[in-house]
Amino acid sequence: MIIDILFKNGSVVTDSAIFKADVAVTGEKISQIGLNIKPDPATEVVDCKGKLILPGAIDAHTHLAMPFGGTISTDDYETGTRSAAAGGTTTVFDFILQDFGETFPDAIRRRDAIAAPQAVVDYSFHIAVKDVAGGLLYTMEDAVKMGVPSFKVFMVYDFGVTDGVFYEVLDHSKSIGALIAVHAENNELVNYLSNKYASEKKTSAWYHYLSRPEFVEGEADVRAIQWAKSTGAALYIVHLANKQGVDAVTAARDEGYPIFAETCPQYLNFTSDVYKRPDGINFVCSPPIKGKASQQALWDGLTRGDIQTVATDHCPFLKSEKKWGAKDFRKIPNGCAGIENMYPYMLSEAGKGRISFSKAVGVCATNVAKIFGLAHKKGAIAAGLDADIVVYDPKAKATISNKQMHGATDHTIWEGVTVKGYPEQTWSRGRLVVKNGKFTGAKGAGKFVACKPIKLTTPDIGNL
Ligand code: DUC
Ligand code: ZN
Ligand code: ZN
C-alpha cells in the first residue's frame, strides 16, 4: 500500500498507552502503525521527534450559528470548525434545535444544508427535541437511520420538554438504537429564583449563579437518572457541573445503570467566583460555573471514570450581546466560547500531571467516539480509522488570547490563561488544516459523519 504521509519518530498516545511508533497515512485513512516504517519515494515525511501523535479531539457539544438568547451564536460552521481545528479538534457534534412540528429527518436536512458548504473539519449532529406530538416521536428512528442517533432534551428554557415527554423519549430510545442526552436543571426553581432576585434589584452576573445554585442542577440530575433507571434506558448527562450530580452518576453506575456524563473545561478551570469579576457577564452560561467543591468533584469523577467525556458547550456571543444583561443577568445570552481551547487545556493539565495524556485523549476523543457510535471511523490512532491526527508539542508554552484565535468571537473567557504544550499541526482525513497556528484548510472540506445506532448497556460501564 502506497504511503502518502508518514509521521515519524513521535510517540503515539492512545486512551490506554503511550508508545514510540511511526504512523502511515494512505489517502484519508491511517494505514499502518509500527516502528521504522519505510517511506515510499513520494511519501511526505513529517518529523515528529519530541512530539506526541494524538487523535484529533471530538467535541461532543457545540452550538454553531444557533438562534438563542435573542440572537445567533457568533460562530458559524466555517469559523467554528476553523477554530476547532486550530485547537486540535477534528470533529464536532453540533446541536440541531428541532422546530415545532418538524420531523427529525427534516431537521437534519435543514441544518446539513447550512453546515456542508461551510465546515472545514468533519461534523455530526445531535438533535434537541422540542416536539414529539402527532407521530413526530416515530421519526426518531428515521434520524437514527440517517446517522444521527443522539437526541437531547432540555429540562429548562422555553423550548424545554415536559417531564412526561422526557420519560417518553427515554422509553422510546431503547428500541431504536438512540441515546438520550439531557440538560438537567430545575426550570421552576430557575424561574422563581431569577425573578425573585430581579425584583430585589439584585441583577449582576453573580445572581445568575445564585438563581441556578448547585442544587438546581443536582436535583434535576437525580430526577433524570431516576427516570432513566425506571425506563431501563441509557442516559448521557451533558455539561455536568455540580457535585450532587457527580455523586448521583457515580452511585447509579455503581449499581450497574448505564449512565454517562460529560463535563466542560470551563467547569474544571474556573469557579463561581468569576461571576464577581468586572467581566462576570462574559462567563454566563447554563448551568453556571459552580463552587470549589463541585470543581473538585468533577476532577475526581473524571479521574475515576464516572465522567467519561469533556466537551465545550461552545456557544459564543459578542461582548456587545453579553452587555444586554449588564444591568439584568436575565438578559445575558447564555454561553461561552471554548471550541479552540478544550484540547490544549486538557492536554496541558496532563502535561502538568493532573491527569495522564491517555486520559486526556480518552475523554476528549476516544470515549466520545465510543459513546456516540463513531468508533468505526474516529477517536483513536489506529489502522483503518480516519487520519485525523494532531502533532502535539508537549514543551510549547502558550498564553491564550482571543487575538490569536481563529473563531469569529471578540473575546474569550480563557484570555490570559497559560497552557503547557500546544497542538502544532492538525490533520483532517489526511489533509493538513492547521500548522503552527496558521489555517491551511478549506471551507466545505469537512464532511458529515454518520454515526451508528447506539446501544449502551450495563457492560459498557466497564469500558467507558
Ligand atoms: N447553555 C448555554 O450556556 N448555552 C447554550 C445552551 C445551554 O444550554
Ligand atoms: Zn445545555
Ligand atoms: Zn449546550
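Student: What distance separates the zinc ion (ligand 3) from the zinc ion (ligand 2)?

Tutor: This is a predicted model, in which local features need pLDDT of at least 70, side-chain atom pairs count only at pLDDT 80 or more, and totals for chains, interfaces and linings use all residues, while side-chain values use heavy atoms, with hydrogens and water left out. Residues are numbered from 1 along each chain as its sequence is written, and chains are lettered from A and ligands numbered from 1 in the order in which they are written. The separation between the zinc ion (ligand 3) and the zinc ion (ligand 2) is 3.4 Å.

Student: Which residues coordinate the zinc ion (ligand 3), and how many residues apart are histidine 61 and aspartate 313?

Tutor: Donors are N, O and S atoms within 2.8 Å of the metal (3.2 Å for Na, K and Ca), and sites may look incomplete because water is not among the atoms. At 2.0 to 2.1 Å, the zinc ion (ligand 3) is coordinated by His61 (NE2), His63 (NE2) and Asp313 (OD), whose spacing along the chain is H-x1-H-x249-D. With helices (H or I, at least four residues) and strands (E, at least two) taken as DSSP runs numbered from the N terminus, histidine 61 falls in strand β8 (residues 57-62) and aspartate 313 in the loop between β17 (309-310) and α11 (319-322), a link between distant parts of the chain that are apart by 252 residues.

Student: How much of the accessible area of ligand 1 does the protein cover?

Tutor: Counting as polar contacts pairs of N or O atoms within 3.5 Å, an oxygen atom of ligand 1 is 2.9 Å from a side-chain N or O atom of histidine 183, and a nitrogen atom of ligand 1 is 2.9 Å from a backbone N or O atom of asparagine 334. Of the 240 Å² of accessible area that ligand 1 has on its own (Shrake-Rupley method, 1.4 Å probe), the protein covers 100%.

Student: Which residue is joined to serine 286 by a cis peptide bond?

Tutor: The bond has an omega of about -5°.

How values were computed:
A polar contact is a pair of N or O atoms within 3.5 Å; within protein, one must be able to donate a hydrogen and the other to accept it, and residues adjacent in sequence count only if both atoms are side-chain atoms.
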